[in-house]
Amino acid sequence: MQKTTLALALLLAIGTSGTLSGQDSGRPELNLKESPKFASGHANPLVDFAFVADPTAVEYNGRLYVYGTYDSQQLDSVGLQGRNTYEHTHSLAMLSTDDMVNWTWHGIIDVASISPWGMASWAPSITSRVEADGKTHFYLYYSNSGAGVGVLTSTSPVGPWTDPLGRALISHDTQGLGDCEAPFDPGVLIDPDGTGWLTFGGGDPNKSKGTDRRPGNTRIVRLGRDMISLDSDIVELDAPYHFEANELNYVGGTYVYTYNTNWKDRKEWEFTDREKPTRCCMSYMTSHTPLDSASWVYGGNYFKNPGDYGMDHSNNHTHLHKYCGDWYLFYHNLCLQQYKGTKGGFRSLCVNKVQVDEQAPAYRMAEATLEGVPQIKPVNPFIRQQAETTAATAGIRFLPAGDRPGNMTISARPSGQDGATLVRGVYFSHAPRQFEARATGRGTLRVYVGRPEGMPVATITFDGNSMDTHSTSVSTIPTGRHDLCFVLTGEGLRFDEWRFLD
């Protein structure tokens, strides 16, 4: 039903041609057909211009920074008819938000350049801590293909990132690893005592050395104070039907371990007070003593496979995060593929709210929807906003600004059509008199209230080789909350920042 409704909405909004033509109407020529979000108003997927999977997140200075496997790198290597077999994925994606609907694209972490010893780069897990130097240090762990775990560090959530070890933290050669088939998919946690913990492990359930119910690939270890060494024996956990996608949280004084179950039939099940988990779902366990394997208690299933929510079946990987008082479940699915013309298994990040009983603790069964989550705060148009902050795009590419890590500019793709970006929930407390934008290159920037067929607000034409700020008068904008659409004409224009002025 969701797919049918969305398709109808797109056809009504853009017509059967999939474009808004500017030749007769004076409106920009845009191909909105490539985005599922312009017409629908949906918040999922988080970004419509890239494939990203395997989410993790960390909060810093009031913003939530999300990281994931950069599936688009595999797509760029194999093409639309190729398969997502991950071997060409050597980068991790970065994005952030403070309202849960508009997302700032910070680009990628080029892991292959930072850690040339590695193989592929997947499934990150991040944590942070204020260290003795007074700075917040970020510790980002990632899968070195299926062969181990690497770690990157930074004093900024967007880098620059460095490799403190120059090798894997976990590999098949790690002492005490046992017969863990694939020591990957890390899940990191720093508990309230300042102690670091790392879970990892997985493997092909068809090649399991254990039983279908107990594959024997789950591992946990205490990290050293430096967060880049091991400070305990590696302990195997008995996680029913474990497959991959490990994560740790600390909720209500309890360690909560989550993981993805395998695709095997559920022939064995001894927990009569717990529902048997569905295939390739997300389940959790709890403990007060992480290194005591017998202390871990199976809690239940909290997220089914995307296919069980009416979407396409895929692998499964989640991140649970409490932000601004609410619990959110980040996950991936295949919802963007039909708009990009591929069926290769390329994944997209999504988010829905989830109910967590912090006293038990217990995770309630979550939902997966294209509608996603509501915006938790409006965008202030009277302060500088990044052009790369967007809820929906069409015909846009992102390019590094070059002045600092994680800062990007946007530009129309070299396709001959205009590019557009939509910012949702912009609140005008009063009517502005001017609009200013920072950009470089040659081209025109137009601003509309709502979508491109909405009320025109401002137009600025740029013609220069330096990053400069230009301003213009604006049409009357009614007070209240509006969506804004920014349309770029000319592929040479690189748009960086904007704001309205009294």
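**The largest pocket and its lining**

Three elements, α3 (71-78), β4 (103-110) and β25 (396-400), each contribute at least two residues to the lining of the largest pocket. The model is a predicted one. Among the contributors, β4 gives the most, with six residues. The space in the largest pocket comes to about 590 Å³. Its lining has 34 residues, and those closest to the centre are Tyr70, Trp105, Gly107, Ile108 and Phe398. By residue class, the lining of the largest pocket consists of 20 nonpolar, six polar and eight charged residues.

Next, the strand pairings. Strand β5 (residues 121-130) is mostly covered, with eight of its 10 residues buried. β5 pairs with strand β6 (residues 136-144) in the antiparallel sense over eight bridges. Within this pairing, isoleucine 126 has leucine 140 of β6 as its bridge partner. The two strands form a hairpin with five residues between them, and glycine 134 in the turn has a positive phi of about 85°.

An open sheet is formed by four strands in the order β9-β10-β11-β12, with antiparallel pairing. β9 (187-190) and β12 (235-236) stand at the edges; each has a single partner strand, so one side of each is left without a neighbour in the sheet. Strand β10 (residues 196-200) and strand β11 (residues 219-222) are joined by four bridges in the antiparallel sense. There, threonine 199 has isoleucine 220 of β11 as its bridge partner.

Key
Residues are numbered from 1 along each chain as its sequence is written. This is a predicted model: local features need pLDDT of at least 70, side-chain atom pairs count only at pLDDT 80 or more; totals for chains, interfaces and linings use all residues. Side-chain values use heavy atoms; hydrogens and water are left out. Buried means under 20% relative accessible area, exposed over 50%, partly exposed in between (1.4 Å probe, protein chains only). Two strands pair if DSSP finds at least two bridges between them. On a 1 Å grid over the protein atoms alone, a cavity is a set of points where a 1.4 Å probe fits but cannot get out, and a pocket is an open set with protein on both sides within 12 Å along at least five of seven lines; lining residues have an atom within 4 Å of a point. Grid points are joined across faces, edges and corners, and a volume is the space filled by probe spheres set on the points. Ala, Val, Leu, Ile, Met, Phe, Trp, Tyr, Cys and Pro count as nonpolar, Asp, Glu, Lys and Arg as charged, and the others, Gly among them, as polar.
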